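Hi,

Here is the structure for your files. My notes on rings and cores follow below it.

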Amino acid sequence: MEKINSIRHDKTQIDLARMRQYRLNRVREQLKSLEYGGIVLFDPVNLRYATGSRNMQVFMLRNPARYTFIPTEGPVVLFDFPNCEHLSEGIETIDEVRPALTMSYVASGEHLESVSKQWAQEIADLMRQYAGDNNKIAIDRINPAGAIALAKEGMRVVDGQEPVEHARSIKSPEEIDAMKISVRTAEAGMIRMVENLQPGITENELWSYLHQVNIAQGGDYVETRLLSSGERTNPWFQECSDRVIQEGDLVGFDTDMNGPFGYFTDISRTFYCGERPPTDEQKRLYQLAYEQVQYNIDLLKPGMTFKEYSDKSWKIPEEFVPNRYFTVAHGTGLSGEYPYIVHPQDFDQVGYDGIIEENMVISVESYIGSPGGKEGVKLEEQLLVTSDGVENFSSFPFEERLLK
């Protein structure tokens, strides 16, 4: 932990213009390969990826008050929240800014249908101008009124998640540098958590240190509240609470942190609280989780199919299968993203295949806790796929007391 004495990162090292252009080009390459005329992005994470612009990102996750139209060939038009045009000044990936029409009941009330019709006419006009006879328009998400109105304009609406997820899956050198800064920010927050972990602190109080460091370093937000202690570590997916952490508790958490530049840090650790020795059962759970993560890291190589990786992954002991994490590994970028690689026993039902490629960023997961068990252990590492293996973004230590 000594290397992270300073948490002020040199963010100027990132060539933001180059990163933005790479990402926009990636989206257009995918649109072209799928023969789509253009795409409309409402999801603020997708919008940020494609244009590099940000505006009230959490608010926009619920409110469709900001979107962009990207033709496969032609100028990018951003439709922004009223009086926010100044936010796009100097961003070279945006050619024009127009006021957004918010297609939601809260914004339009009884006028929702007419607002949706007006919205669809404007988007359809852009498609006709820049895509000609190609009426296939991708949209990452849209309310029913908007989709119906676009269809009446003669547009064929297709899924916009596919091109954006594939675009996001391969990182440029600038993105990788930005992700390293995000990870170092998270590690600094985790150090603050270690420094303040003692019997008597609540889960919420401990969790707040990660948030504080992230905001202080220009990060965005934390997507989840996945920190739990003691008996609340089993099963996983319990939200952070006012529970007072006790001597001898395990404390598990998943960072799920959108740090500087919006890049996601997805690392999990389980800490041990107190001075007395951990129990043999706590050590067993921890060592199995550690073994699962390390085994699956060693396995990860470019060129493997998702199915091959799943089939060869660490075999979970039968007692822990019912509470297994929902993926073996998944992509990480501006959020948890493509691909999800599921366990072999789940592959036929919910899995899909593809190829692990160089410059993907993959988070390898483990949760070990049996049904009805007293506690559980969550561990996770975030890795860059290189030409011959992987590079770990983090060197944050594991709990030596639980590994002995």
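The structure holds 16 aromatic pairs. A pair means rings of Phe, Tyr or Trp (its six-membered ring) with centres within 6.5 Å; planes under 30 degrees apart count as stacked, over 60 as edge-to-face and the rest as tilted.

This is a predicted model: local features need pLDDT of at least 70, side-chain atom pairs count only at pLDDT 80 or more, and totals for chains, interfaces and linings use all residues. Numbering starts from 1 along each chain as its sequence is written, and side-chain values use heavy atoms, with hydrogens and water left out.

Take Phe59 and Phe81. Their ring centres are 6.0 Å apart and their planes stand at 80°, so the pair is edge-to-face. Phe59 belongs to helix H3 (residues 57–62), and Phe81 to the loop between strands S3 (77–80) and S4 (96–99), 22 residues apart. Helices (H or I, at least four residues) and strands (E, at least two) are DSSP runs, numbered from the N terminus. Phe59 is partly exposed, at 38% relative accessible area. Phe81 is partly exposed too, at 27%. The cut-offs: buried is under 20% relative accessible area, exposed over 50%, partly exposed in between (1.4 Å probe, protein chains only).

Now Phe271 and Phe396. Centres are 6.3 Å apart and planes at 35°, so this pair is tilted. It links strand S12 (268–272), which holds Phe271, to the loop between strand S17 (390–392) and helix H13 (400–403), which holds Phe396; the two are 125 residues apart. Phe271 is buried at 4%. Phe396 is buried, also at 4%.

Phe42, Tyr67, Phe79 and Trp119 form one aromatic cluster.

Two charges sit over rings (NZ of Lys or CZ of Arg within 6 Å of the ring centre and within 35 degrees of the ring normal). Arg269 lies over Phe398, 4.0 Å from the ring centre. Lys378 has its charged end over Tyr325, at 4.7 Å from the centre.

On to the cores. A nonpolar core is a set of buried Ala, Val, Leu, Ile, Met, Phe, Trp, Tyr and Cys residues joined through side-chain atoms within 4.5 Å. The largest has 49 residues; Ile39, Met193, Leu197, Leu206, Trp207 and Leu227 touch the most other members. Helix H8 (173–196) is one of the elements that supply at least two residues each. H8 gives the largest share, nine residues. Another core, of 35 residues, lies apart from this one and includes Ile170, Ile356, Leu383 and Val385.

Best wishes
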